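Notebook open, model loaded. I want to go through pockets, salt bridges and the surface, and jot down what turns up.

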Amino acid sequence: GQIMLELDAEVREELIFLPRFGVRFTMPKGTEEVEYFGYGPHEAYIDKKQSCKKGRYCFKVDEMFENYIKPQENGSRCGTEWVVASNYLGMGLMFEPFNKDQTLSFNASHYTPEMLSNTAHNYELHKLDETIVIVDYKMSGVGSNSCGPELLPQYRFNDKAFAFKLKISPVFKEDLSF
């Protein structure tokens, strides 16, 4: 029981850079625990990880949400080597790059990106029962020129062609050994 997902992508030349490229999974109600090895303990983006350290972390999904006044992208962790989204019994899915020399970014939330983008205030958000897990091959930094300087070139996801290879495994966390 493993799924090996392989996506080859070519980006249109006229696009300056992509905000992100990944896969979204809707996990069933009760998927409330996330354990991973990557940057933490708080959100970590390529341009916003200086206060993080690489390690093994375990959180409830709600603990990963950054409650900004204006809902927006939040809670992602870059530099992740593996992530497990599971229920309280430890049953769930493990996501990891197929190549061990690669890492990924991910986030887990009770809100879709569309919900965050289309809501003006945090109190207007309505939490889903399901958990939305987004596993990204790569993600640009979050800095933008909406209230400051333009995102620096080194933090842009500007690859014009790439291959994303992801291994998805059903797991029972008690059986895992790292």
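Residue classes before anything else: I count Ala, Val, Leu, Ile, Met, Phe, Trp, Tyr, Cys and Pro as nonpolar, Asp, Glu, Lys and Arg as charged, and the others, Gly among them, as polar. Ground rules next: this is a predicted model, where local features need pLDDT of at least 70 and side-chain atom pairs count only at pLDDT 80 or more, while totals for chains, interfaces and linings use all residues. Residues are numbered from 1 along each chain as its sequence is written, and side-chain values use heavy atoms, with hydrogens and water left out.

I looked up the second largest pocket and got a volume of about 240 Å³. It has 16 lining residues, and the closest to its centre are Thr103, Leu104, Ser105, Tyr137 and Lys138. Two or more lining residues come from each of β5 (77-80), β8 (104-109), β9 (131-139) and β10 (161-172). Strands here are DSSP runs (E, at least two residues; helices are H or I, at least four), numbered from the N terminus. β9 gives the largest share of this lining, 3 residues. By class, the lining splits into 9 nonpolar, 5 polar and 2 charged.

My grid terms: on a 1 Å grid over the protein atoms alone, a pocket is an open set of points with protein on both sides within 12 Å along at least five of seven lines, and a cavity is a set where a 1.4 Å probe fits but cannot get out. A lining residue has an atom within 4 Å of a point. Points are joined across faces, edges and corners, and a volume is the space filled by probe spheres set on them.

**Cavity**

How many cavities of 30 Å³ or more does the structure hold? I found 1. The largest cavity has about 40 Å³ of space. Its lining includes Val61, Asp62, Phe65 and His110, and I sorted that lining into 4 nonpolar, 4 polar and 1 charged.

**Salt bridges**

My rule is a side-chain nitrogen of Lys or Arg within 4 Å of a carboxyl oxygen of Asp or Glu. The count comes to 16 salt bridges. For exposure I call a residue buried under 20% relative accessible area, exposed over 50%, and partly exposed in between (1.4 Å probe, protein chains only).

Glutamate 35 pairs with lysine 173, closest N and O atoms 2.9 Å apart. Glutamate 35 sits in β3 (33-40) and lysine 173 in the segment after β10, so this bridge ties together parts 138 residues apart in sequence. Buried or exposed, I asked of glutamate 35? Glutamate 35 is buried, at 13%, and lysine 173 is buried too, at 17%.

Lysine 138 is partly exposed, at 31%.

Arginine 12 bridges to glutamate 14, with 2.7 Å between the closest N and O atoms. Arginine 12 is exposed at 52%, and glutamate 14 is exposed at 58%.

**Surface**

Leu89, Met91 and Phe172 make a nonpolar surface patch with about 290 Å² of accessible area together. Patch members have over 30% relative accessible area and no salt bridge; nonpolar side chains (Val, Leu, Ile, Met, Phe, Trp, Tyr) are joined within 5 Å, like charges within 9 Å. Areas are Shrake-Rupley with a 1.4 Å probe, and for residues only the protein chains shown count as cover. Leucine 89 is in the loop between β6 (82-86) and β7 (91-97) and is exposed at 62%.
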